[in-house]
Amino acid sequence: MNQYLYPWHDLEGNNQIGHLQARGYTDCIEKLSKYLTDKYDQLDDTLEFEELLEQLGEVYGVYIGDIYDITEF
């Protein structure tokens, strides 16, 4: 299993680094998409990941940065 990090912030000034454990980058994207659609009810779970992130920003003011495999550091 690989460890993945992703920065996120919202319009209230919260900034954090999120963490996921996944088998690969694709699995990480799927897990993050599932987490976001479960947490934020108004997100469309049929969207591609990049479109989902755009909707997350537009509707909830939450923005997620690039996802990195922790071994890159």
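Biologist: Where does Arg23 sit?
Modeller: In this predicted model, Arg23 is in the loop between S2 and H1.

Biologist: Is Arg23 buried or exposed?
Modeller: Arg23 counts as exposed, because its relative accessibility is 69% and the cut-off for exposed is over 50%.

Biologist: What does Arg23 touch, not counting residues up to four places away in sequence?
Modeller: Arg23 touches Met1 and Asn2. As for Ile70, it is 47 residues from Arg23 along the chain, and their C-alpha atoms are separated by 13 Å.

Biologist: Let's go to Gln3. Which strand is Gln3 in?
Modeller: Gln3 lies in strand S1, which covers residues 2-10. With a relative accessible area of 23%, Gln3 is partly exposed.

Biologist: And what does Gln3 touch, leaving out residues up to four places away in sequence?
Modeller: Gln3 touches His19, Leu20 and Gln21, and also Tyr68, Asp69 and Ile70. Glu72 is 69 residues from Gln3 in sequence, with 10 Å between the two C-alpha atoms.

Biologist: Tyr68 is on that list. Where does Tyr68 lie?
Modeller: Tyr68 lies in strand S4, residues 68-69. Tyr68 is partly exposed, at 33% relative accessible area.

Biologist: What is Tyr68 in contact with, beyond its neighbours within four places in sequence?
Modeller: Tyr68 is in contact with Gln3, Tyr4, Leu5 and Phe73. The C-alpha atoms of Tyr68 and Tyr6 are separated by 6.4 Å, although the two residues are 62 apart along the chain.

Biologist: New topic, the core. Which residues touch the most other members of the largest nonpolar core?
Modeller: Those are Leu32, Leu36, Leu56, Ile64 and Ile67, out of 17 residues in that core. At least two core residues come from each of strand S1, strand S2 (15-22), H1, helix H2 (49-60) and strand S3 (62-64).

Biologist: Take Leu32, then. What is Leu32 in contact with, leaving aside its neighbours within four places in sequence?
Modeller: Leu32 is in contact with Tyr6, Leu20, Phe49, Ile64 and Ile67.

Biologist: How do the axes of H1 and H2 cross?
Modeller: The axes come within 11 Å and cross at roughly 30 degrees. H1 is therefore roughly parallel to H2, since angles under 35 degrees count that way.

Biologist: Which residues make the contact between H1 and H2?
Modeller: On the H1 side they are Ile29, Leu32, Ser33, Leu36 and Thr37. H2 contributes Phe49, Leu52, Leu53 and Leu56.

Biologist: Left-handed or right-handed, that crossing of H1 and H2?
Modeller: The crossing of H1 and H2 is left-handed.

Biologist: Last one, charges. How many salt bridges does the structure hold?
Modeller: The structure holds two salt bridges. One joins the side chains of Lys31 and Asp27, at 4.0 Å from N to O. The other joins the side chains of Lys34 and Asp38, at 2.9 Å from N to O.

Biologist: How are Lys31 and Asp27 placed in helix H1?
Modeller: Lys31 and Asp27 are four residues apart in helix H1 (residues 25-39), so about one helical turn separates them. Lys34 and Asp38 also lie in helix H1, four residues apart, about one turn of the helix.

Biologist: And how accessible are Lys31 and Asp38?
Modeller: Lys31 counts as partly exposed, at 33% relative accessibility. Asp38 counts as partly exposed too, at 47%.

Conventions
Residues are numbered from 1 along each chain as its sequence is written. This is a predicted model: local features need pLDDT of at least 70, side-chain atom pairs count only at pLDDT 80 or more; totals for chains, interfaces and linings use all residues. Side-chain values use heavy atoms; hydrogens and water are left out. Buried means under 20% relative accessible area, exposed over 50%, partly exposed in between (1.4 Å probe, protein chains only). A nonpolar core is a set of buried Ala, Val, Leu, Ile, Met, Phe, Trp, Tyr and Cys residues joined through side-chain atoms within 4.5 Å. Contact means heavy atoms within 4.5 Å. Axes are lines fitted to C-alpha atoms, for helices over the stretch in contact, and angles run from 0 to 180 degrees between N-to-C directions. Angles under 35 degrees count as roughly parallel, over 145 as roughly antiparallel, 65 to 115 as roughly perpendicular and the rest as oblique. A crossing is left-handed if the near helix is turned anticlockwise from the far one by less than a right angle, and right-handed if clockwise.
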